[in-house]
Amino acid sequence: MMLSTSRSKIWSIIITLFCFIFLLFPNIFGTKDINALETCVYALLFWGAIYALSHRLFVATAYLASLWWVMSLFLTWQSSVKINPTFLGMVLNTNLAEIYDFFSTFGWWWLIAFFVWQGLITVMLIFVYRHPLKIETKHRVLIISLSVLLYAITLFFMTDEDVQPLNSPPSNVNSAFTNNFDFNQNALLTNKLQNIYPFDLPISAWSFHTNWRGTMKTYNALPPMKANAIDNNMPDTVMLVIGESARRDHWGLYGYTRNTTPLIAKHQEKLLRFDDMISQTVATRTALSIMLSRYPILRTDNKNTNQVEHSIVSAFNQAGYQTYWLSNQGQSSFFDNPIALLANDAQHTHFTNSNDHTTTGRYDEALLPYVEKALTATSGKKMLVVHLMGSHFNYGHRYPEQFAQFKPHLANKWIEKEDAQKNTQKLINSYDNSILYTDYIFDRLLTTLQTTEKEKSVLFLYISDHAEDLEGEILTNETGSCEIKKASRLSYRAYQIPFIMWASPAYIAAHPDRFQKMEQAQSLPLQQDFIPQTVLDLAGIDIQGNAKTSSILDLDNIKHTIERQVVTATGLRHYETAKKQSPCNLSQETQK
């Protein structure tokens with residue numbers, strides 16, 4: 001039975017409005033960072049202009065966009081983020097088993113919702129196609145003009161402060177790296193449209209492709225690494241755990257007044273605790289580069305050089321190890337790209353977190369099943385790099401509620417760094433809770449390693465990428481005192497990181513001299529770029545070609561020639577000198 005003309009018009013209006021409302025849903029559930037009203041205005045004018053151009057074009061565009069409607073809504077609803085390059089990186093590196101784990105965790109109803117939605121939108125769009133609204137030409141022109149005007153004004157009035165390009169090269173990136181990236185990206189796309197459905201997926205895909213293309217160009221340009229074992233007693237398993245923003249003076253193991261590391265303390269007698277290790281940079285991407293490659297792409301001295309080398313993970317490949325990169329951090333933004341390059345050296349990679357550091361995402365315990373799976377997957381030699389989210393700001397996002405021992409805390413709420421001073425105690429409590437959670441993860445990783453690798457020669461190392469400043473802290477030295485007013489990682493404490501090692505009895509028995517040298521170095525001043533050569537020396541692996549770099553096992557050298565340098569806002573500075581002159585801001589020549 002055919003609908004009457006009047007009833008058909010009414011139904012056309014109702015169904016068309018429903019389509020518009022449904023298409024706006026992923027933009028409605030906003031947060032402080034993703035403004036729901038603003039994104040809805042942009043999205044509404046986009047869909048309105050498409051419909052004004054042609055209802056057929058609207059139907060085709062809407063159906064295409066509907067394919068990722070549920071995915072966009074899920075991310076916005078569950079994690080307060082849009083589809084992003086990090087999420088796409090995870091999707092492209094997943095498999096059927098991981099998809100099953102995903103739906104088992106978040107509920108199969110999302111998959112059911114997808115099919116229900118696709119059926120519903122298909123029926124509605126067919127109706128819209130057959131019963132289009134009649135819009136006068138002048139109204140079509142008005143709708144299209146408003147849309148074009150809004151986007152033009154946004155682009156025209158955008159200031160330099162608004163522009164945060166998806167790719168923006170830091171000053172200490174080697175020319176070999178920067179030449180492979182396109183940094184001149186459109187401000188409108190990167191600042192507005194990437195947070196608006198349906199632009200989120202295509203722009204994220206474009207960004208992922210651009211970033212990954214640059215990564216692979218750089219990776220493919222590196223000369224092949226040649227490495228070999230220097231003895232027949234290489235350890236069976238090596239696990240390098242990289243923490244995030246962990247500051248050692250907030251660890252109970254290092255004497256902090258709060259017991260933030262009760263589980264690690266149970267292992268204390270068998271651990272080597274290094275008391276004076278510093279990071280040389282306060283940026284994760286640079287820190288990981290210098291900890292995992294002797295001649296990294298990202299350097300701390302801001303010098304461009306063609307002397308670039310694969311990571312030590314590649315050396316372990318050459319030495320016959322199965323290598324794993326297991327990370328709870330992102331995979332494909334510019335800042336993750338150097339890390340993705342390092343990860344690409346591993347034979348097996350897995351990224352558990354689809355979100356960036358601004359949201360809760362998944363806790364570090366998401367890595368535990370993958371670590372256990374890697375340890376039990378083969379009886380051969382294994383090398384694992386485990387990259388934690390650790391204590392990355394916002395600290396309240398980094399631990400489950402049962403680890404909120406120190407209160408009041410941020411309770412999983414976002415807080416701007418500029419407002420943190422008003423919440424100093426909550427900030428510190430939340431930071432300490434994140435360390436308490438890291439203590440739990442540390443214990444689980446070490447216990448799993450000890451349980452699965454019984455009687456084997458095993459090495460376990462934990463080191464943080466950098467530390468953190470906490471607002472409201474008072475630092476004093478012989479020249480006076482100063483107060484930390486922003487979480488800007490400017491003070492000397494932002495470079496003070498924990499470094500801990502455990503070796504199995506079988507390893508110690510096979511290499512007593514190496515273990516003894518590490519014991520003797522526990523109180524020496526150390527720095528991050530010692531790590532790659534040290535790990536190689538501990539494992540008994542030699543890389544041919546480039547000269548050896550500094551190693552903790554080379555005690556005579558580090559005792560007499562070490563002059564530690566760190567990257568500050570004004571360039572390289574001698575750490576000890578800067579610490580004495582301006583403890584709150586190492587970039588200043590004198591304290592202010």
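This tour goes through aromatic contacts and salt bridges in a predicted model.

**Aromatic rings**

Start with the rings. The structure holds 21 aromatic pairs. Select Phe 403 and Tyr 437. Now colour by secondary structure. Phe 403 sits in the loop between β7 (382–387) and α17 (424–452), while Tyr 437 belongs to helix α17, so this pair ties together parts 34 residues apart in sequence.

Next, select Phe 20, Phe 46, Trp 47, Tyr 51, Phe 58 and Phe 199. Together these residues make one aromatic cluster.

Then go to Tyr 254. Look over the face of its ring for Arg 273, at 5.3 Å from the ring centre.

**Salt bridges**

Switch to charged side chains. The whole structure has 14 salt bridges.

Select Arg 493 and Asp 249. Their side chains form a salt bridge, 3.7 Å from N to O. Arg 493 is in the loop between β10 (480–483) and β11 (499–503), and Asp 249 is in the loop between β2 (237–243) and α12 (262–265), so the contact ties together parts 244 residues apart in sequence. Buried or exposed: how does Arg 493 count? Arg 493 counts as buried because its relative accessibility is 18%, and the cut-off for buried is under 20%. Asp 249, at 26%, counts as partly exposed.

Move to Glu 309 and Arg 294. The closest N and O atoms of this salt bridge are 2.9 Å apart. Both residues lie in the loop between α13 (284–292) and α14 (312–318), 15 residues apart. Glu 309 is buried, with a relative accessible area of 9%. Arg 294 is also buried, at 7% relative accessibility.

Now pick Lys 382 and Glu 453. This is another salt bridge, with the closest N and O atoms 3.7 Å apart. Lys 382 lies in strand β7 and Glu 453 in the loop between α17 and β8 (458–464), so the pair ties together parts 71 residues apart in sequence. Both Lys 382 and Glu 453 are buried.

**Last stop**

Which residues do salt bridges with shared partners join into one network? Select Arg 248, Asp 276, Arg 564 and Glu 576 to display that network.

Notes
Residues are numbered from 1 along each chain as its sequence is written. This is a predicted model: local features need pLDDT of at least 70, side-chain atom pairs count only at pLDDT 80 or more; totals for chains, interfaces and linings use all residues. Side-chain values use heavy atoms; hydrogens and water are left out. Rings of Phe, Tyr and Trp (its six-membered ring) pair if their centres lie within 6.5 Å; planes under 30 degrees apart count as stacked, over 60 as edge-to-face and the rest as tilted. Helices (H or I, at least four residues) and strands (E, at least two) are DSSP runs, numbered from the N terminus. A charge sits over a ring if NZ of Lys or CZ of Arg is within 6 Å of the ring centre and within 35 degrees of the ring normal. A salt bridge is a side-chain nitrogen of Lys or Arg within 4 Å of a carboxyl oxygen of Asp or Glu. Buried means under 20% relative accessible area, exposed over 50%, partly exposed in between (1.4 Å probe, protein chains only).
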